[in-house]
Every structure is written in structure tokens, then in C-alpha cells.
Amino acid sequence: MQKGEEWFDQWFNTPYYHILYQNRDFNEAEQFMCALSDHLGISKNDKVLDLACGKGRHSIFLNKQGFDVEGIDLSTESIQHARQFENDRLKFNVHDMRELYKEQEYNFVLNLFTSFGYFETEEEDLSALQMIAHSLKEGGVLVLDYFNTYKVISNLPEKTVIERPELSFNVHKFLNNRHVMKQIEFTDKGKHYIFTERVEALRKSDFLGLFEKVKLKVINIFGDYKLNSFDKETSDRMIFVVQKS
């Protein structure tokens, strides 16, 4: 599959993606960033990579806290938006996480809010994690934040209607082999649209195996944005903190 044909490359570059997700909880995200930066002990001298940064809201917030941050994302539209906030310690670039960006450059790499698992194969997952490992300095830390696959699957299939001032979205979530699918249907100006998000149903054991293959050591697994311990039955998130040794 060529670049530009993958579902995320198409969907993330539409204005509809941002309309659908406009109500994300910014306060919760900022509280998570504060708790995470305190827990990790990020200092003003460290370099942070926000991997799959979207429009850069987390990068921008971390930079306002005094940190040196770069954000990269596949979406040209998102990066164009984010670049208006750039300064000497905040930069944004278009980049595919499966390809090496900068080698041994970062103390911390953050991959937040289920921005992994979009690919077709485990080989692509490994390529992305290998890129991250190469990007980290020795002793550097990756934080990979994923939905709790166990809990998500237990609630499928699920159909909902999400109302926004501009549009109504009919959303159908279901499991298809090794992927959690989210089919999004809506009509705008008389034209009918269907987009499908596809995220791998990666479980804790899958991640542990992937991390081992790229020589990243698991330090902690949190289950929510308040950094409580992970529980497969009740946690909303799987937040892995792993270190390059």
C-alpha cells in the first residue's frame, strides 16, 4: 500500500476528523501531561519528541511548561496548523513514524492517546518501535499510551450517534480479526461519506513481546491518566513506560 492510500493518511487530513474529535478533554490531557512530566522527572535540559502529535496540543502545553519539544505527524494539515505555535524550543515536522527521524536525539519520546497500532503488519509495528529506540538516547524513555484492549473488546460491537454543531456522525465499533474497527458515516452538503478507523487489538502480552524484540525494558504500566496501576478488567488505558538500556 502506497503512502496516501492508508486509512489514517486519508482520514486525518480531512476537516471532518477534527470536527468529530473537537470535544476531547483538554483539561484531562493537561493534567496527564503534568502528572507524567513530574513522574518522569523531565528537566528543562531534556529533549522531548511528541510522536504522532496531531495539531500539537500536547507539545504546545509541554513547551509552555518550559520543555524543549519536537512534534512529528503524518498529517500535513495538522502540522501546518501546529507550526503557527513554533518557537526556539518547539518545532513541528511531517514524518512517518516507521522511518527514522533523528538518531539518539531524545531523552523522552511520547506516543499518546492511541497513536500506535494503525498498521497492517507486526513488521510495521516493529519498524516504528525500532525507530523510537534509535531516536532515544541511552537510558531514554518511551511512554506509549494505548486503549485498554481487553475492556474495549468486551464492549463490542457498539453503535452510537455523535452530535456536533456542524454534523451528526453515525459510529459503529466492531472487531474484525486483529483490528478494532470504527466505521464513521455522515452526510455533508448532500454528499455521503464513510471512513473507517482501524487500530490493532494489541494486548499487554503483544506489547511486551514487541518491546523485548527492540530491547526496550518495561518500567511501569499505568491504567489511567492519573497514573494508577493497570488492571485489565477495569482500566481505561494501557500506558507503558519503557526504557532504552
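Guide: Helices here are DSSP runs (H or I, at least four residues), numbered from the N terminus. Axes are lines fitted to C-alpha atoms over the stretch in contact, and angles run from 0 to 180 degrees between N-to-C directions. The model is predicted, with local features needing pLDDT of at least 70 and side-chain atom pairs counting only at pLDDT 80 or more, while totals for chains, interfaces and linings use all residues. Residues are numbered from 1 along each chain as its sequence is written, and side-chain values use heavy atoms, with hydrogens and water left out.

Helix H3 (residues 26–40) packs with helix H4 (residues 57–64) at an angle of about 50°, the axes lying 10 Å apart.

In contact (heavy atoms within 4.5 Å), H3 contributes Phe-26, Ala-29, Glu-30, Met-33 and Cys-34, and H4 contributes Arg-57, His-58, Phe-61 and Leu-62. By class, six of the residues in this contact are nonpolar, one is polar and two are charged.

Cys-34, one of the H3 residues in the contact, is partly exposed, with a relative accessible area of 30%, where partly exposed lies between buried (under 20%) and exposed (over 50%), using a 1.4 Å probe and protein chains only. Cys-34 is in no disulfide, the nearest cysteine sulfur being that of Cys-53, 19 Å away; a disulfide requires two cysteine sulfur atoms within 2.5 Å.

Notes:
Helices (H or I, at least four residues) and strands (E, at least two) are DSSP runs, numbered from the N terminus. Ala, Val, Leu, Ile, Met, Phe, Trp, Tyr, Cys and Pro count as nonpolar, Asp, Glu, Lys and Arg as charged, and the others, Gly among them, as polar.
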